[in-house]
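Look over the sequence and the structure first.

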Amino acid sequence: GLKKKEVNVLCLGLDNSGKTTIINQLKPSNAQTQDIVPTIGFSIEKFKTSSLSFTVFDMSGQGRYRNLWEHYYKEGQAIIFVIDSGDKLRMVVAKEELDTLLNHPDIKHRRIPILFFANKMDLRDALSSVKVSQLLCLENIKDKPWHICASDALKGEGLQEGNKFSSCLAL
Ligand code: GTP
Ligand code: MG
């Protein structure tokens with residue numbers, strides 16, 4: 001049959017933001033796991049949709065592992081950046097990491113699409129995706145297609161909207 005188009009996706013964001021939980025929800029149900037633990041280093045997940053073959057680099061967001069991210073920027077064809085909408089204290093840290101990412105030579109001059117998840121929208125004091133977008137100054141990203149969705153990765157809510165974004169990019 002036809003070979004599926006291969007896409008490398010980088011999943012980035014601070015520790016505890018919900019990256020692994022989101023990726024788990026994107027997998028087919030028979031491949032999903034129940035117990036999710038903090039990622040050590042990174043983990044590579046592969047799955048297929050009807051037309052695409054995805055390789056997701058699920059990076060650890062812990063400070064001591066964040067220096068690993070940049071080694072995968074060259075191979076990345078799309079970025080998922082996850083924010084914990086309830087973690088107001090670390091919103092500035094998330095912004096710093098995002099700015100470092102956007103200014104990296106392997107990212108800066110590429111039209112690489114970025115999908116933001118303002119995750120944990122179920123938390124009572126969660127910031128809205130509009131507010132997260134403002135705090136991260138996303139409107140300043142002018143040379144890359146991007147989109148932000150509010151999500152609840154525990155229930156799997158808001159993740160489908162992200163799918164629409166990926167398909168409209170014809171990845
Ligand atoms: P690192 O691997 O350490 O970088 O973290 P991570 O970004 O992969 O986070 P992970 O998916 O391990 O989730 C961290 C914690 O947040 C877990 O206890 C999840 O159950 C919880 N969590 C993830 N998504 C949500 C969400 O949408 N709402 C709530 N309330 N909790 C969530
Ligand atoms: Mg993880």
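Helix α1 gives the most to the shell around ligand 1, with three residues. Helices here are DSSP runs of H or I with at least four residues, strands are E runs of at least two, and both are numbered from the N terminus. This is a predicted model: local features need pLDDT of at least 70, side-chain atom pairs count only at pLDDT 80 or more, and totals for chains, interfaces and linings use all residues. Residues are numbered from 1 along each chain as its sequence is written, and side-chain values use heavy atoms, with hydrogens and water left out.

In total, 20 residues surround ligand 1, each with a heavy atom within 4 Å of it. The closest are Lys19, Thr21, Gly61, Asp122 and Ala153. By class, the shell has six nonpolar, nine polar and five charged residues.

Polar contacts (pairs of N or O atoms within 3.5 Å) include these:

| Residue | Part of residue | Distance to an oxygen atom of ligand 1 |
|---|---|---|
| Asn16 | polar backbone atom | 3.0 Å |
| Ser17 | backbone N or O atom | 3.3 Å |
| Thr21 | polar side-chain atom | 2.5 Å |

Taken alone, ligand 1 exposes 660 Å², and the protein buries 84% of that. Areas come from the Shrake-Rupley method with a 1.4 Å probe.

Ligand 2 is a magnesium ion, coordinated by Thr20 (OG1) and Thr39 (OG1) at 2.0 Å. Thr20 lies in α1 (residues 19-26) and Thr39 in the loop between α1 and β2 (42-48), so the pair ties together parts 19 residues apart in sequence. Donors are N, O and S atoms within 2.8 Å of the metal (3.2 Å for Na, K and Ca).

Notes
Chains are lettered from A and ligands numbered from 1 in the order in which they are written. A polar contact is a pair of N or O atoms within 3.5 Å; within protein, one must be able to donate a hydrogen and the other to accept it, and residues adjacent in sequence count only if both atoms are side-chain atoms. Ala, Val, Leu, Ile, Met, Phe, Trp, Tyr, Cys and Pro count as nonpolar, Asp, Glu, Lys and Arg as charged, and the others, Gly among them, as polar.
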